[in-house]
Amino acid sequence: MSHPMTLVIKVGTSTLTHQGGSLNLRRVREIVDVVADIRNMGHRAVLVTSGAIGVGVNRLGLSERPADLPTKQAAAAVGQCELMNIYGRLFTDYGYTVAQILLTLDVIEDEIRKKNAENTFARLLEMGALPIVNENDSISTYEIEHMNSFGENDTLAAVVARLVNADRLVLLSDIDGLYDADPRTDPDAKLIPVVHKIDGDLEKIAGGAGTSLGSGGMLTKLTAAIIATQGKIPMNIINGSKPSLLYDILAGKNPGTEFICS
């Protein structure tokens, strides 16, 4: 992969935060270090970040993710400010300007607004900016109440990959990839390195929800893989605790699970 690539990199809540919900600043710094270096290598990158509600929960002093919608929206508003402030300062250290883009499902479903989003992404990338994308959880109650709409940003990341005509989508998860059983409960679970086809059996293997602060699970990642590969964009799942694995992907290696375009 010696030619310049456009990567869409999605970071989940469990990767960005400690168990209590506060930001894992060391992890965030590691991710920024690698993404900035990828930019220095001549590649383009779009970062899709989760964590706004989780970070907001901690910032507001809440003991757990709220159940009521208005508090979720408030937490998202507080947490989004915190995330962008930190991303902005860290990427500025490397000379890169970040741009915040908050999307909702209705933008993607309307052709005119979708085209506007495509134009914005294209011009930002042309100007050397680094787009940082999240759902607009403070405004769109649909996304919060119906998590399968974007699936804790997994599906959103796949949609963004198609909007920017990415060369590859990479999901940074809290495990190494897709397993044939839940590795957190089954010690004999084996990593599935390559997926050529997503069917009902694979969906059963993927299981259900993710962490208490996030809402995504492996099933939402399969949905993302379907969207990406249907757009001829390969997708990788790697362990987000090891951001340097992104270098392996650029080198043509497969450090997790790769979904091949059908």
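On the α3 side, Ala52, Ile53, Val55, Gly56, Val57 and Arg59 take part, and they meet Lys72, Ala75, Ala76, Val78, Gly79, Gln80, Glu82 and Leu83 of α4. Sorted by class, this contact of α3 with α4 consists of eight nonpolar, three polar and three charged residues.

How are the two helices placed relative to each other? Helix α3 covers residues 52-59 and helix α4 covers residues 69-92; they pack at an angle of about 95°, and their axes lie 6 Å apart. Because angles of 65 to 115 degrees count as roughly perpendicular, α3 is described as roughly perpendicular to α4.

Let me now turn to the chain as a whole, which is a predicted model. Its secondary structure amounts to eleven helices and eight strands. Of the 262 residues in the chain, 53% are buried. The accessible surface of the chain is about 11700 Å², with 49% of that area belonging to carbon and sulfur atoms.

Finally, a word on confidence. The average pLDDT of the chain is 88, and 90% of the residues score at least 70. Over residues 209-216, however, pLDDT stays under 50, and for this stretch the model has 24 contacts beyond four places in sequence. Where pLDDT is low, predicted coordinates should not be read in detail.

Terms used
Residues are numbered from 1 along each chain as its sequence is written. This is a predicted model: local features need pLDDT of at least 70, side-chain atom pairs count only at pLDDT 80 or more; totals for chains, interfaces and linings use all residues. Side-chain values use heavy atoms; hydrogens and water are left out. Helices (H or I, at least four residues) and strands (E, at least two) are DSSP runs, numbered from the N terminus. Buried means under 20% relative accessible area, exposed over 50%, partly exposed in between (1.4 Å probe, protein chains only). Accessible areas come from the Shrake-Rupley method with a 1.4 Å probe; for residues, only the protein chains shown count as cover. Axes are lines fitted to C-alpha atoms, for helices over the stretch in contact, and angles run from 0 to 180 degrees between N-to-C directions. Angles under 35 degrees count as roughly parallel, over 145 as roughly antiparallel, 65 to 115 as roughly perpendicular and the rest as oblique. Contact means heavy atoms within 4.5 Å. Ala, Val, Leu, Ile, Met, Phe, Trp, Tyr, Cys and Pro count as nonpolar, Asp, Glu, Lys and Arg as charged, and the others, Gly among them, as polar. pLDDT is the predictor's confidence in each residue, from 0 to 100.
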